[in-house]
Amino acid sequence: MFGKLFGGGRERPTADPHALPVPRRQKNGTYMLRALGDTRVLELVESADAGDWDGVKAALAPFDLGRDHQVLAELAQLDGVQDWIGRAVEEDKEHRATALLISGARHISWGWEARTAQRAVHVTQDQWRTFHERLRIAEAHLFEAAEARPDWVTPWSQLLTSGRGMSLDRAVTETRLDAALRRDPLDLETHLAWVSQLQPRWSGEPGQALEFARDALARAPQGHRLGCVIAMAHIEEWVESDDAHVLENPEVQAELREAADHSVLHPSHVRGPSWRHDLHLFAMALSLADERHTVRRVFQALDGAYTSWPWTYFAEPEKEFARRQRG
């Protein structure tokens with residue numbers, strides 16, 4: 001009865017019991033998404049920030065760190081984790097694999113912080129040395145974690161990133177790709193890492209990444225987040241191009257619309273911890289393509305929640321997101 005009076009008999013969407021309250025928005029209508037917008041992830045981040053290993057282990061209970069890439073990324077990006085995670089690796093034999101995985105991921109992120117986002121010609125010798133030292137530690141820890149937990153995909157996906165940074169041979173990186181895809185043939189983060197690997201700036205050939213992304217989408221069930229690989233491939237095409245308007249054509253617009261409808265906008269799509277990050281890939285790609293319809297649905301779903309990735313390709317990422325959100 002009350003449903004008919006107030007909602008036309010339709011069920012209202014179930015509220016996420018773990019959603020963080022939306023903070024006060026900025027004047028431009030946006031707000032920085034913290035801890036994936038999840039109270040459980042916030043508890044994890046706060047424990048890690050305090051160097052509380054027991055708290056980290058307790059907060060990890062709802063997650064599978066061997067597959068939840070974005071949860072792992074929250075730890076990897078947190079400054080200070082490198083100061084205490086080594087003790088957990090050495091002292092906690094029962095949870096050593098988890099500590100090794102976190103350490104490996106953090107050392108990759110920490111390594112890139114030392115290298116900076118500058119082009120290679122502008123990176124100093126000291127920066128290169130620190131970068132590679134940290135990546136070597138990451139590789140050792142990730143391989144040990146992978147050996148201890150053969151079912152985990154995240155160590156292999158991380159090893160693709162470290163391998164790219166160390167400019168390893170294609171045969172080596174392809175072996176790592178195969179290892180990741182054997183564990184999860186539809187793993188999005190593995191596919192995204194390989195899309196980056198196939199860029200000309202990392203010794204790939206033009207067109208390879210899009211071909212790989214299209215093949216992945218063809219294998220993805222409806223509603224699966226793997227469709228985001230198409231958005232990332234087009235973003236990378238824009239990054240590589242000297243033409244800022246390279247994506248502004250009907251064919252790209254149509255391909256992005258179809259990929260979004262097949263994946264993150266499909267009725268069967270289940271929102272996991274990283275759902276806003278997935279939507280941001282489409283928000284940026286669709287806006288770069290000057291697509292005017294599907295992009296509105298994506299920005300509406302984001303409702304002002306801002307994540308720095310992938311907008312860091314712009315000089316002023318948050319301002320760019322806000323501007324494109326306004327249309």
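Before I list any neighbours: I count two residues as in contact when heavy atoms lie within 4.5 Å. I also keep in mind that this is a predicted model.

**Entry 1: Val298.** I looked up Val298 and found it in helix H15, residues 294-302. Buried or exposed? Val298 has a relative accessible area of 0%, so I put it down as buried. Skipping residues up to four places away in sequence, I get Leu265, Leu279, Phe282, Ala283 and Leu286 as what Val298 touches. For a sense of distance I also checked Asp92: Val298 and Asp92 sit 206 residues apart in sequence and 43 Å apart in space, C-alpha to C-alpha.

**Entry 2: the largest nonpolar core.** Which members of this core touch the most other members? Out of 49 residues, I noted Val229, Leu256, Phe282, Val298 and Trp311. Two or more residues each come from helix H10 (188-197), helix H11 (208-219), helix H12 (228-240), helix H13 (250-262), H14 and H15. H14 gives the largest share, 9 residues. There is also a second, separate core of 44 residues, and Trp53, Val56, Leu65 and Ala146 are included in it.

**Entry 3: Ser287.** Next I went to Ser287, which is in helix H14. I log Ser287 as buried because its relative accessibility is 12%, and the cut-off is under 20%. Beyond four places in sequence, Ser287 is in contact with Phe282, Val295, Trp311 and Arg324.

**Entry 4: the second largest pocket.** I read off a volume of about 430 Å³ for the second largest pocket. What lies nearest its centre? Of the 17 lining residues, I wrote down Ser287, Asp290, Arg292, Arg324 and Gly327. Helix H14 (275-288), H15 and helix H16 (317-326) each supply at least two residues of the lining, and H16 gives the most, with 4 residues. I sorted the lining by type and got 5 nonpolar, 4 polar and 8 charged.

**Entry 5: helix H5.** Last stop was helix H5, residues 81-91, where I found Val81, Gln82, Trp84, Ile85, Ala88 and Val89 buried. These buried residues of H5 pack against helix H2 (39-49), helix H3 (53-59), helix H4 (69-76) and helix H6 (96-115).

Conventions: Residues numbered from 1 in each chain as written. Predicted model: local features only at pLDDT ≥ 70, side-chain atom pairs only at ≥ 80, totals over all residues. Heavy atoms only, no water. Buried < 20%, exposed > 50% of the residue type's maximum accessible area, 1.4 Å probe, protein only. 1 Å grid on protein atoms, 1.4 Å probe; cavity = no way out; pocket = protein on both sides within 12 Å on 5 of 7 lines; lining within 4 Å. Points joined across faces, edges and corners; volume = space filled by probe spheres on them. Nonpolar A, V, L, I, M, F, W, Y, C, P; charged D, E, K, R; others polar. Core = buried A, V, L, I, M, F, W, Y, C linked by side-chain atoms within 4.5 Å.
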